[in-house]
Amino acid sequence: MSLADHFRELRNRVVVAGLAILAGAVVGWIYYDPIINRLIQPLKDVAAQRGDTGLVNINFGTMTDAFAIKLTVALFVGLILASPVWLMQIWGFVVPGLTKKEKRVTRLFVVAAVPLFVAGCVAALLMVPKAVAVLLDFTPVGAFNIQDASLYLSFVLKFIVAFGCAFLLPVFLVCFNIIGLLSGRAMLKAWRPAVMVIFVFAAIMTPTPDAFTMLFMASPMIVLYFASVGVAFMFDRKKKENLPGWLDLPDDQASAL
């Protein structure tokens with residue numbers, strides 16, 4: 001396949017993924033009100049705890065903010081709903097040279113990626129109230145904490161997407177193992193730097209200064225990493241069993257062929 005063909009394939013896959021996200025965004029646009037109410041609920045809870053709903057709220061600074069935020073939330077919903085499509089498009093472009101059997105296995109793990117991505121988003125949604133409460137707790141008593149709507153929702157949505165992407169770690173590792181880029185032994189040998197990278201990633205992506213939120217994100221990632229190592233060892237063993245016996249013979253020894 002020529003370079004131009006690769007670019008055309010990339011364009012086609014980007015178009016398919018983009019159309020799927022737009023279709024999901026229509027759903028997000030229709031159900032915008034309950035979604036936005038759920039996202040700002042942590043602010044309402046903090047305000048209720050303080051006994052004054054006027055101290056903590058969101059603010060739309062300009063006339064166009066409300067429209068821009070509705071569009072952003074709709075696209076965010078579309079990104080989640082269309083995750084099966086764009087994940088399949090990514091792997092369809094990255095691993096076009098696989099055999100038919102390997103492609104079937106890869107599709108299974110792309111299917112597994114969808115619930116993992118959604119599980120990460122749900123976990124982040126459960127952590128948002130705690131993150132908001134911790135950060136707003138630094139506000140002096142009696143002071144107002146009126147959040148800019150676009151900045152607040154950008155913070156929440158990025159937090160949720162980061163959790164979702166973090167939960168995709170085992171899918172990428174196992175697929176790299178399938179295409180021969182990573183062996184189970186190499187993944188197990190590198191567990192110490194991998195755990196360090198996971199903790200650094202969790203520390204960067206979690207917005208709160210407390211260690212609890214970081215551990216909440218890092219712990220499942222570590223478990224998923226070692227689970228992917230176990231799956232990689234299983235595939236490595238199957239690959240070794242399917243190899244012809246003459247491959248391990250010395251150069252000067254005759255094979256059964």
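Predicted model: local features only at pLDDT ≥ 70, side-chain atom pairs only at ≥ 80, totals over all residues.
Local features need pLDDT of at least 70 and side-chain atom pairs count only at pLDDT 80 or more, while totals for chains, interfaces and linings use all residues. Residues are numbered from 1 along each chain as its sequence is written, and side-chain values use heavy atoms, with hydrogens and water left out.

Let's start outside. Val15, Leu19, Leu22, Trp29, Phe67, Leu71 and Leu75 make up a nonpolar surface patch with about 660 Å² of accessible area together. Such a patch joins nonpolar side chains within 5 Å, taken from residues with over 30% relative accessible area and no salt bridge (a Lys or Arg side-chain nitrogen within 4 Å of an Asp or Glu carboxyl oxygen). Areas come from the Shrake-Rupley method with a 1.4 Å probe. Helices H1 (3-30) and H4 (65-81) each supply at least two of the patch residues, and H1 gives the largest share, 4 residues. Helices here are DSSP runs of H or I, at least four residues long. Trp29, in helix H1, counts as partly exposed because its relative accessibility is 34%, between buried (under 20%) and exposed (over 50%).

Now step inside. The largest nonpolar core has 56 residues, and Val73, Tyr152, Leu153 and Ile160 have the most contacts inside it. A core joins buried Ala, Val, Leu, Ile, Met, Phe, Trp, Tyr and Cys residues through side-chain atoms within 4.5 Å. Beyond its neighbours within four places in sequence, Tyr152 is in contact (heavy atoms within 4.5 Å) with residues including Leu39, Pro42 and Val132.

Finally, helix H8 (residues 169-178) is mostly covered, with 7 of its 10 residues buried, among them Pro170, Leu173 and Ile178. After H8 comes Gly180, with a positive phi near 90°.

Conventions. Patch = residues over 30% accessible without salt bridge, like charges linked within 9 Å, V, L, I, M, F, W, Y side chains within 5 Å. Buried < 20%, exposed > 50% of the residue type's maximum accessible area, 1.4 Å probe, protein only.
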